[in-house]
Amino acid sequence: MNLLRLALVFGKIGAVVFGGGFVMIPFIQREVVQHYGWLTQQQFVDAIALGQITPGPILISATFIGYKVQGLTGAVVATLAVFLPSFLMTALAARQMMRLRRNPRVAGFIRGVLPAVVAMLLVAAITIARSTVWFDWRLLFLVVVSLILLVRYKVDAVYVVVGSGIAGFLLER
Amino acid sequence: MSAEAAVTLNPGAPSLSRLARVMLKVGATGFGMGMVGVLQQEVVTRRSWLTQEEFADGLALANLLPGPIAVDVAVYVGYRLRGWIGATLCLLALLVPAFAIMLGLTIAYLHYGQVPQLHGAFKGLNAAVVALVLSVAYRIGKSSLKSAAQASLALVALAAAFLHANLVVLVLACGLVGALLLHPRPEAATP
């Protein structure tokens, strides 16, 4: 049953995206692209780019994937499933706030998770790059320019995405 | 509805419809992490529904828990102001604009994404996505890889991820290592 599987996959991803929405990228790539083949690598990267130019959380890319798999129902199910775990945890933890923050084990857990998140993001970046920009020096150059704008000049991600789209369009003409 | 007045958690709490309207606005005008800024402006600066300290608590909580930071903070705000109903309402109101816009873009993409004139634009988007993922890795790495132990953990995780380890197991295992070995000790509390 596709719908149930969709809910389970996105629910699982929603429960482990420590460190913000971007952390979904390695998980979605592994599950949705490589394991289930619901999306091609290209569609997956485009889904992330579209999520980036849409207001709201990046995780809204789940809507794209759900729609691709099972139409409007799939879009609703994937979107709700991906946000449900953190919704429940946040509301439950809002009561326990102070205790949770002072617990050294909880702090230690996060200190251990974040290095893994960095590693997974690097692997995801390399995997995406190898299937898209690896063999075109102009696109690699665009990656470097975008990275400098994002990290050094703290340009908003929306502008970088739109600007890169326009640059790619002009390069190809 | 009379029940609405009964569940009010504190006297200064906004009505559910006002809360929903503010969250719709945040969802429609904030992008990614930018939503946190819009949220703070609306909830703390403009309306004083929460104090700066209460809001900062929500932000700290969101950093501890999985999920997008801004969504977690919005749920926290909703819960603090109006309990479970407020939390649910905030989540849904925050997502409705993004969902509608993303759905429109998805349908347009699946219909027109193959138009040859747009190929170049999508190639450009690929480059932006690679740069974005790297920039997030850099940002999280800079703030979290502060000790040799954490750097080694990152290297082990890097090798494991390259070798196609199960990512859920990987994240939880690294968290466990952290809880056992990296937790702050009372004697080493000073940074």
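This is a predicted model: local features need pLDDT of at least 70, side-chain atom pairs count only at pLDDT 80 or more; totals for chains, interfaces and linings use all residues.
**Exercise 1. In what order do the elements of chain A run from the N terminus on?**

Step 1. Count the elements: chain A has seven helices and zero strands.

Step 2. Write them in order. From the N terminus on, the elements run α-α-α-α-α-α-α.

Step 3. The mean pLDDT of chain A is 89, with 99% of its residues at 70 or more. Confidence is lowest in α5(A), at a mean of 88, and highest in α6(A), at 94.

**Exercise 2. Decide from the radius of gyration whether chain B is a compact globule or more spread out than one.**

Solution. 

Step 1. List the elements. Chain B has eight helices and zero strands, in the order α-α-α-α-α-α-α-α from the N terminus on.

Step 2. Compare the radius with the rule. For 191 residues the globule rule gives 16 Å, and the radius of gyration of chain B is 21 Å, well over that value, so chain B is more spread out than a compact globule.

Step 3. Buried residues make up 47% of the 191 residues in chain B. Of the contacts in chain B between residues at least 6 apart in sequence, 53% join residues at least 24 apart.

Step 4. Chain B is divided into domain 1 (2–112), domain 2 (115–143) and domain 3 (145–191). The C-alpha centres of domain 2 and domain 3 of chain B lie 27 Å apart.

**Exercise 3. Which element supplies the largest share of the side of chain A that touches chain B?**

Solution. 

Step 1. Count the residues on each side: the contact takes 92 residues from chain A and 82 residues from chain B.

Step 2. Assign the chain A side to elements. At least two residues come from each of α1 (2–16), α2 (24–35), α3 (41–53), α4 (61–102), α5 (104–132), α6 (137–151) and α7 (157–172) of chain A.

Step 3. Pick out the largest share, which is the 25 residues from α5(A).

Step 4. Sort the chain A side by residue class: 64 residues are nonpolar, 19 polar and nine charged.

**Exercise 4. Which residues have the most contacts inside the largest nonpolar core?**

Solution. 

Step 1. State the extent of the core: it has 133 residues.

Step 2. Name the residues with the most contacts inside it. They are A:L121, B:A74, B:C90, B:V130 and B:V133.

Step 3. Find the main contributor. Helix α5 (residues 69–112) of chain B gives the most to this core, with 23 residues.

Step 4. Follow one of the named residues. Leaving out residues up to four places away in sequence, B:A74 touches B:M23, B:V26, B:L39, B:C90, B:L91 and B:L94.

**Exercise 5. Are B:L91 and B:L94 buried or exposed?**

Solution. 

Step 1. Locate the residues. B:L91 is found in helix α5 of chain B, and B:L94 lies in helix α5 of chain B as well.

Step 2. Apply the cut-off, by which a residue is buried if 20 or more other C-beta atoms lie within 10 Å of its own. B:L91 has 24 such atoms, so B:L91 is buried. B:L94 has 32, so B:L94 is buried too.

Step 3. List the contacts beyond four places in sequence. B:L91 touches A:F83, A:F87, B:V71, B:A74 and B:V75. B:L94 touches A:G56, B:M23, B:V26, B:G27, B:V71 and B:A74.

Step 4. B:L91 and B:V73 are 18 residues apart in sequence and 9.8 Å apart, C-alpha to C-alpha. B:L94 and B:M35 are 59 residues apart along the chain, and their C-alpha atoms are separated by 9.7 Å.

Technical notes: Residues are numbered from 1 along each chain as its sequence is written. Chains are lettered from A and ligands numbered from 1 in the order in which they are written. Two residues are in contact if their C-beta atoms, placed from the backbone, lie within 7 Å. Helices (H or I, at least four residues) and strands (E, at least two) are DSSP runs, numbered from the N terminus. Ala, Val, Leu, Ile, Met, Phe, Trp, Tyr, Cys and Pro count as nonpolar, Asp, Glu, Lys and Arg as charged, and the others, Gly among them, as polar. A nonpolar core is a set of buried Ala, Val, Leu, Ile, Met, Phe, Trp, Tyr and Cys residues joined through C-beta atoms within 7 Å. A residue is buried if 20 or more other C-beta atoms lie within 10 Å of its own, exposed if 12 or fewer, and partly exposed in between; C-beta atoms are placed from the backbone. pLDDT is the predictor's confidence in each residue, from 0 to 100. Domain bounds come from an automatic or database domain assignment. The radius of gyration is taken over C-alpha atoms; the globule rule is 2.2 Å times the number of residues to the power 0.38.
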